[in-house]
Amino acid sequence: MMRFMLLFSRQGKLRLQKWYTATAERDKKKMVRDLMQIVLARKPKMCSFLEWRDLKIVYKRYASLYFCCAVEEQDNELITLEVIHRFVELLDKYFGSVCELDIIFNFEKAYFILDEFLMGGEIQDTSKKSVLKAIEQSDLLQEEDESPRSVLEEMGLA
Amino acid sequence: MALKIVKGSIDRMFDKNLQDLVRGIRNHKEDEAKYISTCIDEIKQELKQDNIAVKANAVCKLTYLQMLGYDVSWAAFNIVEVMSSSKFTYKRIGYLAASQCFHESTDVIMLTTNQIRKDLSSPNQYDTGVALTGLSCFVTPDLARDLANDIMTLMSHTKPYIRKKAVLIMYKVFLKYPESLRPAFPRLKEKLEDPDPGVQSAAVNVICELARRNPKNYLSLAPLFFKLMTSSTNNWVLIKIIKLFGALTPLEPRLGKKLIEPLTNLIHRALDLLYGMVSKKNLMEIVKKLMLHVDKAEGTTYRDELLTKIIDICSQSNYQYITNFEWYISILVELTRLEGTRHGHLIASQMLDVAIRVKAIRIFAVAQMATLLDNAHLLTGNMQRNGICEVLYAAAWICGEFSEHLENPMQTLEAMLRPKVATLPGHIQAVYVQNAAKLFSTVLKSQEGSTEGTAAQETSQLMIDRLPLFVQSANLEVQERASCILQLVKYIQKLQQKEVEVAEEVSALFAGELNPVAPKAQKKVPVPEGLDLDAWINEPPSESESEDEQPKAIFAKEEPKHSRSRHTEVDEKELARRREARKQEQANNPFYIKASPSSQKVYQESPGVEHIPVVQIDLTVPLKVPGLPMSDQYLKLEEERRQKERADKKKKEKKKRKEKRSGRGRRHDSGPESEEDITPAHMVDIVTEEMPEEYHLNIEPQKSLIFERSQK
């Protein structure tokens, strides 16, 4: 089971964090800081897997973003690498040639995509098509919600 | 009052939405903290409003700030409010925020129970979906207990989307509230055979994870999983199932046996991949891993498979991936220790191939082969055809042909002539005998020069003593060679007793190098001028009287046709007469090899010795030789280059090695350089496909994550 997934830039800015176990804020912060330090210090040719506390950390760098996952001891690291790659492919398909800016400005969409793909730390659906379809449909739903309303209504005046 | 409303509304017009917030933060890099605290104050104001849209916007911004590391737990109640909105957009934002920051000690979590229950039974599947996803992140034991039943009903929802999510979340629920497992289990089992593949994989996933924690209870499901494993093409699912079996097999030995077949198929597929994977750098590591597997493998078929694979990947493309042939030879020698293999000839042919074609390696190879011969008693246990004793064939030949590199030829000679050798298969014995002769010549050469004149005679005596055993062998080839060589040695001994130096002449017997011959080489030999291969050499017996063997045996073109047509008209009597005539010729021909073992009389004249051709038997061993001698030179060059590099490296690393020597631990029998890092002849670029090659520290965020890759 995946415990958490972090996305952060080379400058140490956190872009996304998804935790699959309920943890206290303080602990989360500490873990994030710790991990970012460790992963950012690694050289390009070093292995993508490392051990940290009682978990295995699997990370991969895509352009300027580090995708970092923590999985349990018995989980397979190579599968986790594939999971990361699948997630990036989903983002790519959704945003169309995704870059870090897309994730910065549309972070909630990135979360929604991640929620369709992984749940409770396990893979929900291995088919790219069905994940993307589900997201499209939820987006449509949102657009229906946002049916044309007058500005006044929006402001709560009418 | 109205003024307040208007003022508030105008404020709302200037509310920041998420994009503004993000942009603002990026623009305020210097005073980020201050800017953000201003924003938080604004957010607090927004949250006091009644308008749900405003609240949702605020919560969205809060989520972003939470990601940056700011604590937002004070807004928990507002988050719950947003969650309870009827609009999907806001609900989504609320659940997202909740999953990011709710945890067990959040007080307001109890308030969410009813809301979640409502959402779970919503007609809109995405409402349900979002609720399930969010719940999976912050589920507590209380929530689990209260909502377990609702989720169980959802497992049988009409929509597969919901079913899938419900199944997955059950795992989380079980973790928090184990009592829910018992009632839910039958439903879960049903889901294993759900028509929708997504739901099915979700069920497999959950059961696998549960089973890993407590394998005993899930043993009854093994047959079902077995069926799934053989029928599923989804690799993710396969991996999970195999992991599950890994946990189950210790408890059920019969299961292990049944699993062998499909697992071997999978392993075969994986092994086949190895072909493509191999490169210069990783070949040694890959083979090392495979050798470990070979040691651990229990079944002989599997071991054989591995063996074939190892040799295949090493020898593919004309050994292009091998940087260190000494290492390869040592691998081959290690492989000989395998018992019960059926690919002995493969190893043998590889050894021969490498020893012949890689000159630089010959010294090492010969040393290894000599050790093998000395320890032949370990290998003679397996007498079957193509068993490991085939290796001795190669060992003997290599020692004989390259005997000049042997450290102690006398010892090897004695090893070759041991009585136990007679228990080996015939074709191996034949090679032994022939190469014993080669060794004999080398030994003679070294001994005759020395002051001890008797040593040479003792050697001859040794040969004379031991060879008769082979002369009496049941195998024809062995008999032939043994008797031939025995006579030769007897004659040499006579000469030695007369104090004549014979070493030079004996070594002339085996002079010249034997190079590998391409299979098509014969065709490429140009027919010399004036030779008509189709012409009859001798006239058929009824026609000619004399044996006309002039080199100018050019018959006119019409005559062969004539003789041939005449030949076909002959009748039975003619055939019988010709047969008789042939038999008589053969009886008189001293060089014709008959079926009876009376050929000893033939080899009496010493002048006959020079004409005995030294023939290489390789009928059983298919020498893989696609290349012509040119590849030899290439290999030589490569070897020399590498050796040079190695020599340079060695000088640098000698000190380091001395320090590390204590920590080396157990080493394989391989030569001293098998574990050193050999730099390949040319730098191998390891291309990481995703990374662009520029490695600036400040890469623009606009750079696309997946550079040139199209969808895979």
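User: Are Asp115(A) and Lys18(A) buried or exposed?

Analyst: Both Asp115(A) and Lys18(A) are buried. Buried stands for under 20% relative accessible area, exposed for over 50%, and partly exposed for anything in between, using a 1.4 Å probe and protein chains only. This is a predicted model: local features need pLDDT of at least 70, side-chain atom pairs count only at pLDDT 80 or more, and totals for chains, interfaces and linings use all residues. Residues are numbered from 1 along each chain as its sequence is written, chains are lettered from A and ligands numbered from 1 in the order in which they are written, and side-chain values use heavy atoms, with hydrogens and water left out.

User: What does Asp115(A) form with Lys18(A)?

Analyst: Asp115(A) and Lys18(A) form a salt bridge, with the closest N and O atoms 2.9 Å apart. The pair ties together parts that are 97 residues apart in sequence, because Asp115(A) lies in helix H4 (residues 107-117) of chain A and Lys18(A) in strand E2 (residues 14-19) of chain A. A salt bridge requires a side-chain nitrogen of Lys or Arg within 4 Å of a carboxyl oxygen of Asp or Glu. Helices (H or I, at least four residues) and strands (E, at least two) are DSSP runs, numbered from the N terminus.

User: Which residues are linked with Glu89(A) in a network of salt bridges?

Analyst: The network links Glu89(A) with Arg86(A) and Lys128(A). Between the side chains of Glu89(A) and Lys128(A), the N to O distance is 3.5 Å. Glu89(A) lies in helix H2 (residues 77-95) of chain A and Lys128(A) in helix H5 (residues 128-145) of chain A, so this pair ties together parts that are 39 residues apart in sequence. Glu89(A) is buried at 6% relative accessibility, and Lys128(A) is buried at 17%.

User: Moving to chain B, what do the side chains of Glu46(B) and Lys61(B) meet in?

Analyst: They meet in a salt bridge, at 3.1 Å from N to O. Glu46(B) belongs to helix H3 (residues 32-48) of chain B and Lys61(B) to helix H4 (residues 52-68) of chain B, so the pair ties together parts that are 15 residues apart in sequence. The relative accessible area is 1% for Glu46(B), so Glu46(B) is buried. Lys61(B) is also buried, at 2%.

User: And where does Lys91(B) lie?

Analyst: Lys91(B) lies in helix H6 (residues 88-101) of chain B. Its relative accessible area is 3%, so Lys91(B) is buried. Leaving aside neighbours within four places in sequence, Lys91(B) is in contact (heavy atoms within 4.5 Å) with residues including Asp119(B), Asp127(B) and Val130(B).

User: How many residues of chain B are in contact with chain A?

Analyst: In chain B, 69 residues are in contact with 74 residues of chain A. The area buried between the two chains is about 6,800 Å², and carbon and sulfur atoms give 57% of it. Buried area is the accessible area (1.4 Å probe) that two parts lose on being put together, summed over both.

User: How many salt bridges are there between chain B and chain A?

Analyst: The count is three. Lys164(B) forms a salt bridge with Asp125(A), the closest N and O atoms being 2.5 Å apart.

User: Which element gives the most to the side of chain B that touches chain A?

Analyst: H6(B) gives the most, with eight residues. By class, that side of chain B has 29 nonpolar, 22 polar and 18 charged residues. Ala, Val, Leu, Ile, Met, Phe, Trp, Tyr, Cys and Pro count as nonpolar, Asp, Glu, Lys and Arg as charged, and the others, Gly among them, as polar.

User: How many helices and strands does chain B have?

Analyst: Chain B has 32 helices and zero strands. Of its 712 residues, 47% are buried.

User: Lastly, what does Thr442(B) touch?

Analyst: Not counting residues up to four places away in sequence, Thr442(B) touches Ser403(B) and Glu404(B). Thr442(B) is in helix H24 (residues 426-449) of chain B. At 18% relative accessibility, Thr442(B) counts as buried.
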